[in-house]
Amino acid sequence: MAEALRLGRLRKGRTAPNPAVGALVTLGEKIIGRGFHERAGAPHAEVTALGEAGVRARGGTLYVTLEPCVARGRTPACAPFVVASGVKRVVIGTVDPNPGVAGKGAAALQEAGLDVVAGVRERECRHLVEDFAKFVATKTPWVTAKFATSLDGKIATRSGDATWISGPAARRYAHRLRWEHGAVAVGAGTLRADDPRLTVRLAGYDQSEGPVRLIISSSAVVPPRARVFEGAPKPPVWVACTRRARPRTVARLTRRGAEIIMCKEEGRRVSLADLLSRLAERNVTSLLVEGGEELLGGFFDRGLVDRVVAVTAPKIIGGKRAKSPVGGRGVGRLDDALVLRETKRRSLGDDVLLEGYLADVDDYFANVTRATERLREGCRGR
């Protein structure tokens, strides 16, 4: 299952609105087929793995991070294909959070006489599809807040210089993080100050296939010559604004290749809740928010952040006027501070990465809890 998870992560962020899934087929101690879901409309992971294994799959074991589907969509249902392959055993990481599946795929395999084991490395498999789980449960994208700070909690000097706080290893990780999301967002202030391209620039990755580059500005005041427009519309550039944006400004951005998302207004700013709904309508299942401080503060203040990724560099910047990563209203009492769960720490060169969750991923699987328990009971009874 660890290898299936690795395979699933290869395309995490690029399969929306479908989940990222990895699979492999074994015969004895030998792996005879590997697969992962590449994109919506492409064969599912288990179909690819079984196809690679061919007739050798008969009598073997299929490992798959997510329960095989039972309904035909853009591709045929997977459960009948698994049965026809001749495997005798199927090991499933997690039941599908989609109510349309929710244990039905595993049950179909059991009814066909296959030995089914569910819940292997379940937590990791649920996190692999956390964006999909939230998307089907709430019709809104999964939101990750990411920032890099100095040791004293600054994101720039008093003059606004922010290049570079973190080191090369942390920056490579940030690019991989972009790849794992459907869209990456910054506010107009960050765009003007830092002029980021918001692309994935890693060896072996296709920049044009990367996440949507999203600029959030109520009045759409975005420099038309900003580097974010390089290569547009691949990857796409979207500008989220309100009716406060002037038609001339909007027209100038569309000529540069941007798509305009007109959102509701909240406090003279883009309504972030409305924006998330509009992103979901466009099949964006995950959003990485990179800054600046007011945009991040807005997401935190409204309880819209699911996961936090923070990099701390061993640098002291100082200065009362130097900015911190999270603005907004904040909390009045320390007891009300947001507390991360499932935290992990590791070194990225000289920097320290801390990541954790404000959301409990199991909440997005609540609608399939009974199906999971029934499946486990069936497994114990075989």
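Contact is taken here to mean heavy atoms within 4.5 Å. Helices (H or I, at least four residues) and strands (E, at least two) are DSSP runs, numbered from the N terminus. The structure is a predicted model, in which local features need pLDDT of at least 70 and side-chain atom pairs count only at pLDDT 80 or more, while totals for chains, interfaces and linings use all residues. Residues are numbered from 1 along each chain as its sequence is written, and side-chain values use heavy atoms, with hydrogens and water left out.

Helix 9 spans residues 247–255, and T249, V250 and L253 are buried within it (buried, under 20% relative accessible area; exposed, over 50%; partly exposed, in between; 1.4 Å probe, protein chains only). Because the buried residues fall within an arc of 95° when seen down the axis of helix 9, they line one face of the helix; the arc is that of the directions from the helix axis to the C-beta atoms. An α-helix has 3.6 residues a turn, so residues three or four places apart point the same way. Exposed residues on the other side of helix 9 are P247, R248 and R255. The cover over the buried residues of helix 9 includes strand 9 (237–241) and strand 10 (258–262). After helix 9 comes G257, with a positive phi near 100°. In helix 10 (residues 272–281), the buried residues are L272, D274, L275, L276, L279 and A280, and this helix is followed by N283, whose phi is positive, near 65°.

T15 is placed in the loop between helix 1 (2–9) and strand 1 (22–27) and is buried, with a relative accessible area of 3%. Polar contacts are pairs of N or O atoms within 3.5 Å; within protein, one must be able to donate a hydrogen and the other to accept it, and residues adjacent in sequence count only if both atoms are side-chain atoms. The side chain of T15 reaches the backbone oxygen of P19 at 3.4 Å, and a polar atom of this side chain lies 3.5 Å from the backbone nitrogen of A20. Not counting residues up to four places away in sequence, T15 touches A20, H37, E38, R39 and A40.

S286, in strand 13 (residues 286–291), is likewise a buried residue, with a relative accessible area of 3%. A polar atom of the S286 side chain lies 2.9 Å from the backbone nitrogen of G182. Residues touched by S286, not counting those up to four places away in sequence, include D131, W142, E180 and H181. S286 also belongs to the lining of the largest cavity, together with K12, E130, D131, W142, E180, H181 and R307. The volume of this cavity is about 40 Å³.

Several backbone features lie in loops. A cis peptide bond with omega of about 10° joins A232 and P233; P233 is in the loop between strand 8 (212–216) and strand 9. Another cis peptide bond joins G291 and G292, with omega of about 5°, and G292 lies in the loop between strand 13 and helix 11 (293–301). A102, although not a glycine, has a positive phi of about 40°; A102 is buried, with a relative accessible area of 13%. For D195, phi is near 50°, a positive value in a residue other than glycine, and D195 is partly exposed, with a relative accessible area of 25%.

Technical notes:
1 Å grid on protein atoms, 1.4 Å probe; cavity = no way out; pocket = protein on both sides within 12 Å on 5 of 7 lines; lining within 4 Å. Points joined across faces, edges and corners; volume = space filled by probe spheres on them.
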